[in-house]
Amino acid sequence: MEQSFKNFIFLFFTVVTISLTATETAFSQDNIDKKTVDLDTALFETDKNSLFPLPVVYYTPEAGLFYGASILYNFFTNRKKPINASQIQLAAGYTTKQQTLIFLPFQIFWDQNKWRSIGELGYYNYAYPFYGIGNNGQQDVFSTYRASFPRVRVFLLKETAPNLFVGGRYWFENYDIIEWDNSGDFQQEDFSGGTFNRTSGIGPAMIYDTRDAIYYPRRGHYLESFIETNHQFTGSTHNYTAISFDYAYYYSPADKTVLAANAFSLSNVGDVPFNRLAQLGGNKKMRGYFQGYFQDKNLLLGQFEVRQELVWRIGLTAFASAGQTAESWGDYGMNRWNYAGGAGLRFTFDTKKHINVRLDYAIGKDSNGFYIAFNEAF
C-alpha cells in the first residue's frame, strides 16, 4: 500500500508537470543512480551526483502552446568536506507562435566552499505583455512585444571572513525589440530602450550566508547585495546604476516546520531601459502576478512563507507577500502596497540535499497564477 502511494505521487507530479496550463513556468534540474531499478532509489537516491529530467507543456494566449524540457544536475566539484552540492540547470522550449528560450542557471562551489559562482546563461526569442510603468498594473491595460536577446549574469565570490563572500557581478543583455503591437495601450517610442538596448554592467557584490543548507535551509541568514554600473565604457547603450539588497531569514520552530521571511529592495539611478526596471511578480518575487506587472525605478518587497513537511516526500506551504514600486524613494507610501498570497505542494525528489519540485498557486488583486519550479522561491 505504501509503495503504491509513492508510485501514485510520482506519477501525479509527472502528469501535472506535463499537462498543467499556466501563466508562467520556471525551470530547473538533478542526477540518477542508473544501476538500480527500484523507483524509490533509482530516481531519488542522490548522495552522489544526481540528474532529474522534467518535460514541460503549457499554454498562454501570448505564447500559444509551449513544449520543452528541463534537466537539473547536482554534483560535487570534489569530495573534500565541507563542500556544497553544485547545481546546473538546463531548460529549453519552443512555442506554436515561433518563440524560443534556452537558459542555464547555475550555482557552483569549490575549494571547500571558499569560492562560489552563481549566475545564468541564456537566449530568448519571446513575446511579453507590457503593463506600463508604475505601481498600478491592470490586467486589461497592456501591449505585447517580442524581443530577441542573449543574457549573461555571473557572480564570482571568495570567502574573506567566516560566512562572508566578496567579489564581483557582471550582467550582459543585448535586447532587440523585433515586434511591438502598437494597437495596444502603450507605444514603444514612449519608453527608454523601446527599440533596442544593450546593458553591460559590472560592479562589486557581497554575500553573507549562515544557512544550514543551500537548497532547503531550516535556519540561518542569507544576504545578497550588489552594485551594478552600466555605462558606455562598459559596453552599455544606457548609463545607470542598480543597487540591490536581498535578505532572507529561516527559523525552524519544530522538526518538520520552517518559517522563512524575505526582504528585497532594488533601486536604479540614471537612464534605465524599460526592460531593466525593478520588477515585481514572477515565480519568486511576489507570486500571483506576471513578472513586470508592477515595475519602476525602485521597489520594496516583503514575503513570508510557512513550509511544512508531511509524510514521505510530500510537503505543503503557505505564503504571502506585499510589495510596491516607485519612481523615487519619496514616492513610497503605506497606501501603495500590493498584496498576494497562496499555497503550494512540495515533492522532495532528492532527500539527501532536500531539493524540491514545487507546485504553487497564488492570487493577487485581479490576478493569479500557477507555478512549477525546482527549489524554493527564496
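N125 sits in strand β5, where strands (E, at least two residues) and helices (H or I, at least four) are DSSP runs numbered from the N terminus. The model is a predicted one, in which local features need pLDDT of at least 70, side-chain atom pairs count only at pLDDT 80 or more, and totals for chains, interfaces and linings use all residues. Residues are numbered from 1 along each chain as its sequence is written, and side-chain values use heavy atoms, with hydrogens and water left out.

With a relative accessibility of 16%, N125 counts as buried, a class that means under 20% relative accessible area, against over 50% for exposed and in between for partly exposed (1.4 Å probe, protein chains only). Leaving aside neighbours within four places in sequence, N125 is in contact (heavy atoms within 4.5 Å) with Q98, Q99, T100, R146, A147, S148 and I178.

Turning to the chain as a whole, two helices and 18 strands are found. Of its 378 residues, 52% count as buried. Among contacts between residues at least 6 apart in sequence, 59% join residues at least 24 apart. The protein chain exposes about 16,800 Å², and carbon and sulfur atoms supply 60% of that area; accessible areas come from the Shrake-Rupley method with a 1.4 Å probe, and for residues only the protein chains shown count as cover.

The interior comes next. A nonpolar core is taken as a set of buried Ala, Val, Leu, Ile, Met, Phe, Trp, Tyr and Cys residues joined through side-chain atoms within 4.5 Å. The largest such core has 33 residues, and Y145, Y175, W180, F274 and F349 have the most contacts inside it. Two or more residues of this core are given by each of β1 (50-60), β2, β4 (100-110), β5 (115-130), β6 (143-161), β7 (164-180), β16 (338-350) and β17 (355-364). The largest share, four residues, comes from β5. Leaving aside neighbours within four places in sequence, Y145 is in contact with Y126, A127, Y128, F130, Y175, I177, E179, W180 and F274. Apart from this core lies another, of 13 residues, including F264, L280, Y293 and L299.

Strand pairing, which requires that DSSP finds at least two bridges between two strands, can be followed in two places. Strands β11 (residues 257-270) and β14 (residues 298-309) run antiparallel and are joined by eleven bridges, with S267 opposite N298 of β14. On pairing with β15 (residues 314-326), β14 is again antiparallel, over twelve bridges, and V306 stands opposite A318. Four residues lie between the strands of the β14 and β15 hairpin, in which W312 takes a positive phi near 50°.

Further along, β17 and β18 run antiparallel, joined by eight bridges, and I363 has N368 of β18 as its bridge partner. This hairpin has two residues between its strands, and D366 in the turn has a positive phi of about 55°. Strand β18 (residues 367-374) is largely enclosed by the rest of the structure, because six of its eight residues are buried.

The C-alpha atoms of Y73 and Q89 are 6.2 Å apart in space, although the two residues are 16 apart in sequence.
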